[in-house]
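This briefing concerns one protein chain and takes up two topics in turn. Please consult the sequence and the structure shown here while reading.

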Amino acid sequence: MAHHGQQKSSRLLLTALAGLAGLTTLAVATTALAGPSHPPPPRLPAKGHATHQKTQAVLNEIAAQGTPGVIAQVRDRHGVWDGRAGVRKLGSEQPRSTHDRFRIASVTKTFTATVLLKLEAEGKLSLDDSVAKWLPGVVHGKGYDKGQGKRHGKSYEKRYRPHHITVRHLLNHTSGIFDYNMDAGFRAKYAGDEFDRNRHVRWSPEDLVDIALAHPPNFQPEQGSRPGRPGEWDYSDTNYVLAGMVVEKATGRSYAHEVERLVVRPLGLRGTSVPGTSPRLPSPHARHYSTLFEDGPRAKVRDVTEFSPSPTVAFSAGQMISTVGDVNIFLSRLLAGELLPPAQQRQLLDAVPVDGDKGHGGPQDVYGLGLRHFKLAEGCWAWGHGGMIPGSATRTLASADGRQVMTMNRNGDWGEQRLEDAAVETEFCRSTP
């Protein structure tokens with residue numbers, strides 16, 4: 001489940017179990033990305049400069065409050081700084097490493113959106129194509145009476161209209177499609193002791209979509225937010241499951257193949273993978289721990305390292321595995337405009353107002369295609385995404401030009417959100433009050 005929000009364990013939605021030129025330009029770009037375009041930045045000493053020392057103090061506090069271990073990497077004009085606190089395995093003294101691989105959960109969504117934008121640049125699809133065009137019969141309007149319902153005092157039609165839902169609606173969460181991770185029966189399968197009974201259960205993308213479609217739409221696409229015009233908006237992992245299905249239908253190849261072809265191999269992301277059905281994490285990795293939606297000081301901490309969220313409970317909404325270094329490279333190159341042609345780069349960042357704070361952020365944020373523009377403090381903004389899956393909580397942020405980027409990961413899915421916020425604000429809001 002690739003989770004998008006990271007408040008406290010009771011709000012962990014099993015998300016994603018629960019996470020972006022024309023043809024000739026693309027070919028040139030792919031060749032150019034085979035190696036770094038400039039020498040790698042210098043590695044900074046462990047203490048770094050004053051800002052990083054403050055960030056390290058926050059990491060120490062995160063571990064002191066009970067998170068098993070936390071790692072962070074920052075790339076900026078000074079070089080690369082690595083921070084860490086806590087341990088890789090409870091009961092041991094082995095520290096976490098910034099080389100650790102971990103499940104990035106909903107940060108996967110940024111990769112998925114990037115793949116679809118690249119496919120548009122290749123002429124294989126358009127973001128304005130309907131879901132019905134690529135996935136006929138998958139999103140259906142069956143099962144609910146005609147007429148009107150109410151959500152937050154607003155009316156909506158109870159039937160899905162797939163001819164009106166576009167790929168763009170999926171990527172910026174304005175489709176209105178119900179989030180399968182909000183289905184109480186599905187969530188219950190991964191809470192407490194039920195997790196052990198279901199950690200190896202395999203779900204097809206169609207299974208997940210059908211869970212969502214058992215519920216009426218939250219709203220219709222025409223009621224959704226538009227750039228500069230607030231409207232309905234609802235973060236839904238179902239959107240990105242469908243997006244991955246569109247990738248496969250448009251290319252005739254697997255989602256994993258296209259992510260590796262268009263992002264992983266061109267950028268040389270050696271620590272990044274789109275897993276198969278194996279429930280194991282590749283080495284090196286820390287153990288992953290979860291309270292599995294239980295709250296309070298007596299909540300049982302469980303080892304959830306072995307878990308099968310790949311093409312089952314997460315698919316293209318949150319299945320990927322990576323490292324802090326690889327995610328930093330990906331996000332910095334993406335924001336710098338080195339992965340997409342100008343037309344697709346504009347679409348990536350053509351953001352819509354969010355409706356509420358679902359999806360890890362605040363109500364003043366805006367959401368592009370697989371990227372959220374976070375308001376960290378007054379006058380301080382950064383692009384990125386959050387992700388949570390049982391046992392792994394990830395946050396990645398970058399400046400608008402990609403020159404400053406930070407990714408952090410906790411191998412536990414509980415703890416105070418304010419501390420994680422404090423770490424990113426320390427790095428990105430240095431000149432703000």
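The points below treat the surroundings of one asparagine and then a disulfide. The model is predicted. Within it, N409 is a buried residue of a strand, and a disulfide joins C380 to C429.

**The setting of N409**

- Strand β14 spans residues 405-410, and N409 belongs to that strand.
- The relative accessible area of N409 is 0%, and because buried means under 20% relative accessible area, N409 counts as buried.
- The side chain of N409 makes a polar contact of 2.9 Å with the side chain of R96.
- A polar atom of the N409 side chain also lies 3.2 Å from the backbone oxygen of A393.
- Leaving aside residues up to four places away in sequence, N409 touches G69, V70, I71, R96, F102, S392, A393 and T394.

**The disulfide**

- The model has 1 disulfide by the distance rule applied.
- The bond joins C380 to C429, with an S to S distance of 2.1 Å.
- The pair links distant parts of the chain, 49 residues apart.
- C380 lies in strand β12 (residues 380-389), whereas C429 lies in the segment after α14 (417-428).
- The torsion about the S-S bond of C380 and C429 is about -85°, and the disulfide is therefore left-handed.
- Both cysteines, C380 and C429, are buried.

Definitions and conventions: Residues numbered from 1 in each chain as written. Predicted model: local features only at pLDDT ≥ 70, side-chain atom pairs only at ≥ 80, totals over all residues. Heavy atoms only, no water. Helix = DSSP H or I, 4+ residues; strand = E, 2+ residues; numbered from the N terminus. Buried < 20%, exposed > 50% of the residue type's maximum accessible area, 1.4 Å probe, protein only. Polar contact = N/O pair within 3.5 Å; in protein donor to acceptor, adjacent residues only side chain to side chain. Contact = heavy atoms within 4.5 Å. Disulfide = S-S within 2.5 Å.
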